[in-house]
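Hi,

Here is the structure I promised to pass on. Have a look at it first, and then read my notes below.

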Amino acid sequence: MVQKQVFQAWFGDVHVTQVSALWGMEEFKNSDTNHLGIALPKGKLRFYRRDTDGHLEFVGENMIDHTPKDETIRVYTGNAFDVVGERKRSNYHVDSNQHWMDETFEIRLRNHKKEAVDIRAVEHLYRWTNWKITEQSGEFQKKDAQTIEFPVTIAPNGEQVVSYTVHYSW
């Protein structure tokens, strides 16, 4: 089965510096190529991987809902202790008379593992429905009307900074 461990950085509505562990997520497609491709019943999934000695080690578990074939399954398996993030608002400017606001964030992601990790830095643009990213350190994906996601790969024992400025208008 092609299974990918992805870490997700989500800091909620926090504007001061916050250091936290990231969510560990296991992700795979319920498809024939992954030796599945059948409707999966609601229940508990447990994840294991082989350690350096070849023994199975428990990675995590969680519940899934009924899942049809050919759908992607993302399962939260716990917080990572060796992948951390820090988010801070570095700039803020509002002009109420002109009906606009600019806000800049910096997200520092650190990987203390011996292998590279994939991280999705998820940001919720909740202040107003009219927004535009005016500056960003890397590519992002718009997930819905108020959510963007920065996919990041961090080298072993590495750090990467994601920054962006959002312009709101009303």
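Let's start with His99, which is partly exposed because its relative accessible area is 37% (buried means under 20%, exposed over 50%, and partly exposed in between, with a 1.4 Å probe and protein chains only). His99 sits in the loop between β5 and β6 (100-111); strands are DSSP runs of E with at least two residues, numbered from the N terminus. Its phi is near 65°, a positive value in a residue other than glycine. Asp70 is not a glycine either, yet has a positive phi of about 70°. You'll find Asp70 in the loop between β4 and β5 (72-95), and it is partly exposed at 37% relative accessible area.

A word on the source: this is a predicted model, where local features need pLDDT of at least 70 and side-chain atom pairs count only at pLDDT 80 or more, while totals for chains, interfaces and linings use all residues. Residues are numbered from 1 along each chain as its sequence is written, and side-chain values use heavy atoms, leaving out hydrogens and water.

Now the rings. How many aromatic pairs does a search of the whole structure find? There are 7, where rings of Phe, Tyr and Trp (its six-membered ring) pair if their centres lie within 6.5 Å, and planes under 30 degrees apart count as stacked, over 60 as edge-to-face and the rest as tilted. One of them is Tyr48 with Phe58, an edge-to-face pair at 5.5 Å centre to centre and 65° between the planes. This pair links distant parts of the chain, 10 residues apart: Tyr48 is in strand β3 (residues 43-50) and Phe58 in strand β4 (residues 56-64). Tyr48 is partly exposed at 44% relative accessibility, and Phe58 is partly exposed at 47%.

Why is the pair of Trp128 and Trp170 tilted? Its planes are at 55°, so it counts as tilted, with the ring centres 6.1 Å apart. Trp128 is in the loop between β7 (117-124) and β8 (131-136), and Trp170 is in the segment after β11, 42 residues apart.

Ring pairs also link Phe105, Phe140, Phe150 and Tyr164 into a cluster. Arg87 lies over the face of Phe105, at 4.0 Å from the ring centre; a charge sits over a ring if NZ of Lys or CZ of Arg is within 6 Å of the ring centre and within 35 degrees of the ring normal.

Enjoy exploring!

Conventions: Helices (H or I, at least four residues) and strands (E, at least two) are DSSP runs, numbered from the N terminus.
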